[in-house]
Amino acid sequence: MGGDGGFRRELRDYVVGLVLALGLSGAAFALVAWDPWAARTMLGVVAALAVLQLVAHFRCFLHIDLKQSHRDDLQLILFTAVIIGLMVAGSLWIILNQNQRMM
Amino acid sequence: MSAGSASERRRHPGLNLHESDAHPSDGEVVFGFWVFMMIDAVLFALLFAVYASLGANTAGGPGPHEVFELRPAAMETLLLLLSSFTFGIASLAMKYQRGMALLQGMLALTLLLGLGFLGLEVHDFVGMADKGALPQVSAFLSAFYALVPTHFLHVSLGCVWIVVMMVQLRMSGLDRITRTRLLRLGLFWHFLDIVWVMIFSFVFLRGLL
């Protein structure tokens, strides 16, 4: 296990991750600097780029994939994502609603 | 250990202190750290929720357009992304035994990039304070100073951890303990990168739209 080939293959993973990360965040920054569309569209594009970069980081840097050996980690992450989704969406719903009532 | 009694070999949850507990496997140790990181992710998510719900309330103080700047945020992003990459090389140097010099060198480079990131952020915070953007001015700034410096603190602790690991590697070399500690430090460092991606997207870029 793990000769020269393994080192090169895994190094390529990190290089791909770095290129993806630099490309995606570079695109987001360039778009905001250039500002071609309406704010609402831009927010959607920036959010989409952020989610893509999130996936790229998990895949290339944290090595989370769909292989059997990583299922525990993946399930933990997905469970956390559900908790975060519930808490963030719930908080936003309640606080924004309260904010509106106080205006 | 008496053979046959399954309850003797019970591994957590619940009180079961026996010598079998003293050495959790590498997998368990790393998975435990994943659990901690996910709890940390929940903390950050809630700070994001607070920021998202209070971000519009500037109370007459400076708003995002006055206090955020694109260029420093881009520089900070570049430094942090590069540091994730150099830490990746350090992990590979450890895994494939490419020598202590490469491992220590990459850790040192990661530390430098991390410190550069921290320096730029301090510069940002000082610049914001000069513009009168202090935490007590508005709900927007309170939420900002709750979220971004929390990440700053995490990166600072990560830098301390890198220094500690560099000293430990020098003193005891690559044994099982330093290996799993480096693995966990790697997870922590890459995780902080992900949090920063969310921060620059939903705080800085969103604020500057």
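**Ground rules.** I am working with a predicted model, in which local features need pLDDT of at least 70, side-chain atom pairs count only at pLDDT 80 or more, and totals for chains, interfaces and linings use all residues. Residues are numbered from 1 along each chain as its sequence is written, while chains are lettered from A and ligands numbered from 1 in the order in which they are written.

**Chain A overall.** I counted three helices and zero strands, with helices (H or I, at least four residues) and strands (E, at least two) being DSSP runs numbered from the N terminus. Along the sequence I read α-α-α for chain A. Its radius of gyration is 19 Å, well over the 13 Å that the globule rule gives for 103 residues, so chain A is more spread out than a compact globule. That radius is taken over C-alpha atoms, and the rule is 2.2 Å times the number of residues to the power 0.38. I then boxed the C-alpha atoms of chain A along the principal axes and got roughly 65 × 40 × 15 Å.

Burial next: 18% of the 103 residues in chain A are buried. I call a residue buried if 20 or more other C-beta atoms lie within 10 Å of its own, exposed if 12 or fewer, and partly exposed in between, with C-beta atoms placed from the backbone. For contacts I take two residues whose C-beta atoms, placed from the backbone, lie within 7 Å. Of the chain A contacts between residues at least 6 apart in sequence, 55% join residues at least 24 apart.

I also checked the domains, whose bounds come from an automatic or database domain assignment. Chain A splits into domain 1 (1-63) and domain 2 (67-103), and the centres of these two, over C-alpha atoms, are 22 Å apart.

**Helix α1(A).** I tested the length of this helix, residues 4-34. Its 31 residues should span 45 Å at 1.5 Å a residue, and the end C-alpha atoms are 44 Å apart, which agrees. The expected span is 1.5 Å times one less than the number of residues. Buried residues in α1(A) include A:Y14, A:G17, A:L24 and A:F29. What covers the buried residues? I found α2 of chain A among the elements, together with α4 and α7 of chain B.

**Contact between the chains.** Chain B gives 35 residues and chain A gives 39. On the chain B side, the elements with two or more residues are α2 (26-54), α4 and α7 (176-208).

**Loops with positive phi.** Most residues other than glycine have a negative phi, so I noted the exceptions. A:H63, not a glycine, has a phi near 55°. A:H63 sits in the loop between α2 (39-60) and α3 (71-102) of chain A, partly exposed with 19 other C-beta atoms within 10 Å. In chain B, A59 is not a glycine either, yet B:A59 has a positive phi of about 50°. B:A59 lies in the loop between α2 and α3 (64-67) of chain B and is exposed, with 11 other C-beta atoms within 10 Å.
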